[in-house]
Amino acid sequence: MNTTTATVELPRTRRRAPRRPRLVNAEFLKLRKRRGLVLSTLALTVVPMIVAYTVLLILHVVDPDKHGPAGGLENLSGSMEVLSQLSVVAAILVGATLGAGDLGSGVFRELVVTGRSRLALFGARLPAGLGLVFTVVGPAFAVTATASTAFAGSSDVPGAGLLASSAGWLGLVTGLALVLALGVSSALGSRGTTIGILLGWQLIAMPLLLQIGALGSLREGLVGAATERLEPARLFDGGATVPMSLAAAVAVIAAWAVVPLAAGAWRTCRRDA
Amino acid sequence: MNIHAGPNVVETSGLTKRFGDRVAVEDVDLRVPRGSAFGYLGPNGAGKTTLIRMLLGLTRASAGTMRLLGRPVPSDRAKALARVGAIVEEPRFYGHLTGRENLTVIAAAREPEAHARIDGALARAGLSQRADERVKRYSLGMRQRLGVARSLLADPELLILDEPTNGLDPAGIHEFRAMIRGFVAEGRTVLLSSHLLDEVEKICDEVAIVDHGRVVMQGSIAELAAGGEQTILIATSDDGQALAILAEHRAVASATAAPDGIRVRLQTDVEGEPAADDIGRRLVLADLAIRRFEPTRASLEQRFLEITSRLEEAA
């Protein structure tokens, strides 16, 4: 604060600009500048796919009799299973950061004192989070799709329709994980707790529950059962663990998206800043 | 700047905040005049920050009403806060972003014009040269400056600053005072919360003294200090005779011999100057040579201690 700068005028001119995207852009800025977060999501998605197909390619080149082509439908199936799991983890990291980042850094109150509605502040997080997650998961899928097609050799080549539905399904699974993490972390206000709970749920508790046949139709309420129902059939031909109708699957997915978001929005609007 | 036309930029009535059984802010009626530097003065834990948090919509009031820039809050808080800049406690930032990026994020939550104010705000806070460094490398003083820059993005009619000089070195505090007076000279109002009496006395035109959540006194600095104890230090050619004369004077509450003369404390209900004139006249009429005659008025600090100690005795 030196006296030579004390006379600088603050511009007071009126200039029209679109209002809604600015908050989303600001949220995206906050996310993409977190180097650790961006690097870890890349390490979870793009890097494993590149490494996996490189290894498969080398193995095939070195010993084609023992190791089949690196691409093809079968390897696409395996890599999509891995990629979907890792993308869910990446989405949880991003969602948890989005939901609790402002509180954790103490800037939430600075945003509230701007007078902007808390609901608008919360609402900007979702598109920003989806933007980052899809920016990372998209190239990972591109690597997978390209490699499975280009290196198919004598194996079955995945068709465009299958690749498109696989991309859509991956987007759904990843987006749901992001929404869940965003809602839970906004409600809890803690990034670490959210990551711990959701990784435990997604990677341990839910897969176990899905395997317990004694639970019967109760398992239809699990988001994992619903997303499994929508998996591209040719890719994972083992069939769904929990048989359920398409309408039921859509309803369960909608509920798993809406309830955490509503809880997060409600808590964001009500909490002391 | 769209100046709010009313005489007061902050008005509260019966404002109360309870945390369970504990009352943090109790029945506060506050009036902050437009275009002034207003001090909200009280010891730590007196409820200053809680009141500011209620004004800014960070926490809900348990009872009472508030108006900011003539608008009721929280019902019309979005419009009211659009022209309010604030620093609450220690200003917080995203450490992984630069100073400029931090302002960009806040500007995005404000009106579209706020983005165009970023460079000016950084310059005014003296941070232009360091604006593109990550905030986690900033010192506490630089963060305070960045907090000021952030509050300027609103082109504020009202600046609410909670303990703003915490962490500043003496030179920084001096510059900060000048900056606040500069804001007031531009027609902005500054509500400054502080436990530092000296700071409030040097910066503010008006002050409210708060203790245990209640506003115990409100007015101009001069008015508040004038209501305090008045004393005169007198030394004469014969202090013994002077003490006898003073003991009989109706305006004198007490007169005590001290190494450097006689310390005379005046009654609180007398006007200081006429009483001092009369005392001087009587001493001269008694043929005493007056070697020292120094009327003193209580500083805001003395007045503050008087008020708060009186409250403690009453409790």
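Student: Before we start, what ground rules apply?

Tutor: Residues are numbered from 1 along each chain as its sequence is written, and chains are lettered from A and ligands numbered from 1 in the order in which they are written. This is a predicted model, where local features need pLDDT of at least 70, side-chain atom pairs count only at pLDDT 80 or more, and totals for chains, interfaces and linings use all residues, while side-chain values use heavy atoms, leaving out hydrogens and water.

Student: What is the mean pLDDT of chain A?

Tutor: pLDDT is the predictor's confidence in each residue, from 0 to 100. In chain A, 90% of the residues reach 70 or more, and the mean is 90.

Student: And over which residues of chain A is the pLDDT below 50?

Tutor: Contact here means heavy atoms within 4.5 Å. Beyond near neighbours in sequence, the stretch in question has 16 contacts in the model. Where pLDDT is low, though, the predicted coordinates should not be read in detail. The stretch is residues 1-8 of chain A.

Student: Which element of chain B has the lowest mean pLDDT?

Tutor: Chain B averages a pLDDT of 88, with 91% of the residues scoring at least 70. Among its elements, H3(B) has the highest mean, 97. The lowest mean, 66, belongs to helix H11 (residues 300-314) of chain B.

Student: How many helices does chain A have?

Tutor: Helices (H or I, at least four residues) and strands (E, at least two) are DSSP runs, numbered from the N terminus. From that end on, the elements of chain A run α-α-α-α-α-α-α-α-α-α-α. There are zero strands, and the number of helices is 11.

Student: Are H2(A) and H3(A) roughly parallel or roughly antiparallel?

Tutor: Axes are lines fitted to C-alpha atoms, for helices over the stretch in contact, and angles run from 0 to 180 degrees between N-to-C directions. H2(A) and helix H3 (residues 46-62) of chain A pack at about 30 degrees, with axes 3 Å apart. Angles under 35 degrees count as roughly parallel, over 145 as roughly antiparallel, 65 to 115 as roughly perpendicular and the rest as oblique. So H2(A) and H3(A) are roughly parallel.

Student: Which residues of H3(A) meet A:Leu42, A:Ala43 and A:Leu44?

Tutor: Those three sit in H2(A). Their partners in H3(A) are A:Val46, A:Val47 and A:Pro48.

Student: What area is buried between chain A and chain B?

Tutor: Buried area is the accessible area (1.4 Å probe) that two parts lose on being put together, summed over both. In this model, 42 residues of chain A are in contact with 51 residues of chain B. Carbon and sulfur atoms give 52% of the buried area, which is about 4300 Å².

Student: Which residue of chain A meets B:Glu89 in a salt bridge?

Tutor: A salt bridge is a side-chain nitrogen of Lys or Arg within 4 Å of a carboxyl oxygen of Asp or Glu. The count between the two chains, A and B, is three, including one from B:Glu101 to A:Lys33 (3.0 Å, N to O). For B:Glu89, the N to O distance is 3.5 Å and the partner is A:Arg109.

Student: Where is the cis peptide bond that ends at B:Pro74?

Tutor: Most residues other than glycine have a negative phi, and most peptide bonds are trans. B:Pro74 is in the loop between strand E5 (71-73) and helix H2 (77-81) of chain B. With omega near 10 degrees, the cis bond runs from B:Val73 to B:Pro74.

Student: What is the phi of B:Asp27?

Tutor: B:Asp27 lies in strand E2 (residues 22-33) of chain B. Its phi is positive, in a residue other than glycine, with a value near 50 degrees.
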